[in-house]
Amino acid sequence: MKILKKVGLVLLLILIIAQFFDPKKNDGNLASLDAFIAETNPPEDVLQILKTTCFDCHSSKTTYPWYNNITPVNYWLEEHIEDGKKHLDFSKWSSYSLKRKEHKMDELYEEVEEREMPLNSYTWTHAEANLTQEQIDAVVTWGKKVQADYKQQMVSK
């Protein structure tokens, strides 16, 4: 029993000390999204959906929840953000080739349509990110149009 108390005390001490260390925050500039927004021209309802369900993990600007101040939760969140940006980073949209943009738009609307995005782990704490069928349909319609525009541009070249 004494050993369990000592182990528990050591673990508690480690947890307390860990609170003084944070991962690097994803605190970029919202202006980094301007190129994506201007080029894809989402309707206002779709732009709002992107803001509440996509940009936190797929851009250089994250709005962090209160629990991001708790270690190790903040490291877990940072890992999700980095993984999300690895797959799609709206802040780097202007650096993507036309073919990549077309492909990413295809992935975007398919992931939303199949309810793979936003992730369940995100919607647990962001109720506003639970999309209705109407919202999903709006994103899919917009995404297909943008993808078709990119395909047309590729054919024209």
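Patches are built from residues with over 30% relative accessible area and no salt bridge, with like charges joined within 9 Å and nonpolar side chains (Val, Leu, Ile, Met, Phe, Trp, Tyr) within 5 Å. A salt bridge here is a side-chain nitrogen of Lys or Arg within 4 Å of a carboxyl oxygen of Asp or Glu. Accessible areas come from the Shrake-Rupley method with a 1.4 Å probe, and for residues only the protein chains shown count as cover.

This is a predicted model, in which local features need pLDDT of at least 70 and side-chain atom pairs count only at pLDDT 80 or more, whereas totals for chains, interfaces and linings use all residues. Residues are numbered from 1 along each chain as its sequence is written, and side-chain values use heavy atoms, leaving out hydrogens and water.

Now colour the helices α3 (44-53), α5 (98-113) and α7 (133-156), each of which supplies at least two residues of the negative patch. Helices are DSSP runs of H or I with at least four residues, numbered from the N terminus. The most comes from α5, with three residues. E111 sits in helix α5 and is partly exposed, at a relative accessible area of 32%; buried means under 20%, exposed over 50%, and partly exposed in between.

Next, select I3, V7 and L11, which make a nonpolar surface patch of about 310 Å². V7 belongs to helix α1 (residues 2-18) and is partly exposed, at 42% relative accessibility.

For the last stop, show F36, F55, F90, W93, Y96, W142 and Y150, which form one aromatic cluster. Rings of Phe, Tyr and Trp (its six-membered ring) pair if their centres lie within 6.5 Å, and planes under 30 degrees apart count as stacked, over 60 as edge-to-face and the rest as tilted. How many aromatic pairs does the structure hold? There are eight aromatic pairs. The rings of F55 and F90 have centres 5.4 Å apart and planes at 70°, so this pair is edge-to-face. Both F55 and F90 are buried. The rings of W93 and Y150 have centres 6.2 Å apart and planes at 50°, so this pair is tilted.

Definitions and conventions: Buried means under 20% relative accessible area, exposed over 50%, partly exposed in between (1.4 Å probe, protein chains only).
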